[in-house]
Amino acid sequence: MPWLFYLVLVSVYLGVSVGMAFVPSSGFHYSEVYSNGKTEKKILSLTFDDGPDAETTPQILDILAKFEIKAAFFIIGRKISGNEEILKKLAAESHIIGNHSWSHSYLWDLYSSLRMADDIERNILETERITGKRMKFFRPPYGVINPMVAKAIHKTGVKVVAWSFRSFDTTATNPSSLLNKAITKTKPGDIMLFHDSSVLTAGILEKIIVSLQERGFSFIPLDEILKLQAYENR
Ligand SMILES: [Zn+2]
C-alpha cells in the first residue's frame, strides 16, 4: 500500500501523526488529505479516475444520468485531446471534474516538485479553457504523496482528495467478486474509487448502484460529502 507507506514515511520523518503529509521548505507546509465524509449517514460518493475515455466514460455517464447521480471524475490532462466533448458533457451534467495530473507518467513520483507543479497546472489550464471551471481537487497519480508531491501541492494550492473504498477495478477480472466487494465492504461516508477507463466497471456499475441503494445507501456529490468547494472562483 504505497499511499499509506509514504504518508507514514513523511510523517515519521518529521515526527508528526499519520494523516497529514508535511514538508519542510520555506516555513512549514502541510497537505491535508480528504479521504471520506465524516458521517454515520448512509451516504456515499462515487469517483472515477484515469478518463476521459472515448468508449467507457460515455457509458458510465449514461448510467449515472439514469439514476440521477452526480459523481466526480479525476481526469488525466493528456487524454482531453479528442475527448473535449466528453469533458464538456461532464461539466454540463454537473459532475465534478478533478485533477489527476496532466501526464500520469509512470515516472511521476520521481519528478521534481517544480515539474509536478507544472504538470498539475497544465491540466487546470486546459480544463478551464474547455469547461470554464478551474479545478481545486487533486488526486495524485498512483495515490502517492512523497515530499516532492507535498511541495507541488502547496505550490499549486490544490486540495488532495483520496478515497476510503478502493475497488481495484483495473486489476479485477471477476465482475461478481467486484460487485460483492462493493456491496459488503462499503461504509457510511465512503469515497469510492473506480476507473471510468475500466470496461469491467462500465459493465457492472448499474448493479453496484442498485445493490447499494437497496441497502439504504444514497449517492451524493464529492463536494457535498467533503463540504468543500470543487472549483476556484475567479
Ligand atoms: Zn490514475
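**A strand and its surroundings**

Author: Let us take strand β9. β9 is covered on both of its faces: I191, L193 and H195 are buried on one side, and M192 and F194 are buried on the other. The model is predicted, so to speak of local features a pLDDT of at least 70 is needed, side-chain atom pairs count only at pLDDT 80 or more, and totals for chains, interfaces and linings use all residues. Residue numbers start from 1 along each chain, as its sequence is written.

Now some terms. A residue is buried if 20 or more other C-beta atoms lie within 10 Å of its own, exposed if 12 or fewer, and partly exposed in between, with C-beta atoms placed from the backbone. Helices (H or I, at least four residues) and strands (E, at least two) are DSSP runs, numbered from the N terminus.

β9 spans residues 191–195, and five of its five residues are buried. For the protein, the buried share is 41% of the 234 residues. It has eight helices and ten strands.

Who pairs with β9? Strands pair if DSSP finds at least two bridges between them. β3 is one partner: it runs parallel to β9, with five bridges. There, S45 has I191 of β9 as its bridge partner. Strand β8 (residues 165–166) is also parallel to β9, with two bridges. R166 stands opposite L193 in β9.

Right-handed means that, with the strands pointing away from the viewer, the path from the first strand over the helix to the second runs clockwise.

β3 covers residues 43–49 and pairs with β4, in the parallel sense, over three bridges. F48 has F73 of β4 as its bridge partner. β3 and β4 also belong to a right-handed β-α-β unit, with helix α2 (residues 56–66) in it.

β4 (residues 72–75) has both faces covered too: A72 and F74 are buried on one side, F73 and I75 on the other. β4 runs parallel to strand β5 (residues 96–99), joined by four bridges. F74 stands opposite G98 in β5. Here again there is a right-handed β-α-β unit, made of β4, helix α3 (residues 84–92) and β5.

Go back to α2. Two packed helices are described by the angle between their axes and the distance between the axes. α2 packs on helix α7 (residues 199–214) at an angle of about 10°, with the axes 9 Å apart. That makes α2 roughly parallel to α7. Axes are lines fitted to C-alpha atoms, for helices over the stretch in contact, and angles run from 0 to 180 degrees between N-to-C directions. Under 35 degrees counts as roughly parallel, over 145 as roughly antiparallel, 65 to 115 as roughly perpendicular, and the rest as oblique.

Which residues touch? α2 gives T56, Q59, I60 and I63, and α7 gives V199, A202, L205 and E206. Two residues are in contact if their C-beta atoms, placed from the backbone, lie within 7 Å. By class, the α2–α7 contact has five nonpolar, two polar and one charged residues. Nonpolar means Ala, Val, Leu, Ile, Met, Phe, Trp, Tyr, Cys and Pro; charged means Asp, Glu, Lys and Arg; the others, Gly among them, are polar.
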